[in-house]
Amino acid sequence: VSFTLELEFSCSILLSRAEVTLQATSDSTEATPQDNVVKLSVPVRYEPNLFLSSNTNLHRYEVYPLGAFMHTSGPEFTTTVKVQNLGCYPIQNITLHMALPALGHHRATILSVTHVLAENATCVLQPPSEGTQVVPVPPEDLLHVDR
């Protein structure tokens, strides 16, 4: 005989382990009834339900054709990135890595982060480490326009 147990857990009580005792009995006389009991204990792991969203106040910016690229900074804009826990279980030690396309044709800077604000989080702005290959955005990617 095989058994399949499907357990549902409550958001109000968090368990680290689930324990189940199974016992088989019969009306017959048995010489070794002690082997008819099994106790199972398994760790419980909760699946996170994370939602990642972003919003910006700059929805369009013109990039000049090759050879006419301005070497001054463009307009300042704000992008908000939000990580939300939509589940009912607490989540700890989340790390979010973001790679931003900061170099264009001839390694011209097209994006620079001026400051980072954080709520309920610790944010660290790190330039690429020594030895990290920073690949410029190809000119053909900058010429692509979605309409």
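**Close-up 1. The disulfide between C11 and C88 in this predicted model.** Here the sulfur atoms of C11 and C88 sit 1.7 Å apart, forming a disulfide (a pair of cysteine sulfur atoms within 2.5 Å). By that rule, the count comes to one disulfide. The torsion about the S-S bond is about -60 degrees, so the C11 to C88 disulfide is left-handed. As a reminder, a disulfide is a covalent bond between the sulfur atoms of two cysteines.

Close-up 2. Helices (H or I, at least four residues) and strands (E, at least two) are DSSP runs, numbered from the N terminus.

Close-up 3. Buried means under 20% relative accessible area, exposed over 50%, and partly exposed in between (1.4 Å probe, protein chains only).

**Close-up 4. Positive phi at N93 and N120.** N93 is not a glycine, yet its phi is positive, about 55 degrees. N120, likewise a residue other than glycine, has a positive phi near 55 degrees. Look for N93 in the loop between strand 4 and helix 1; N120 is also in the loop between strand 4 and helix 1. N93 is exposed at 76%, and N120 is exposed at 85%.

**Notes on the views.** Residues are numbered from 1 along each chain as its sequence is written, and side-chain values use heavy atoms, leaving out hydrogens and water. In this predicted model, local features need pLDDT of at least 70 and side-chain atom pairs count only at pLDDT 80 or more, whereas totals for chains, interfaces and linings use all residues.
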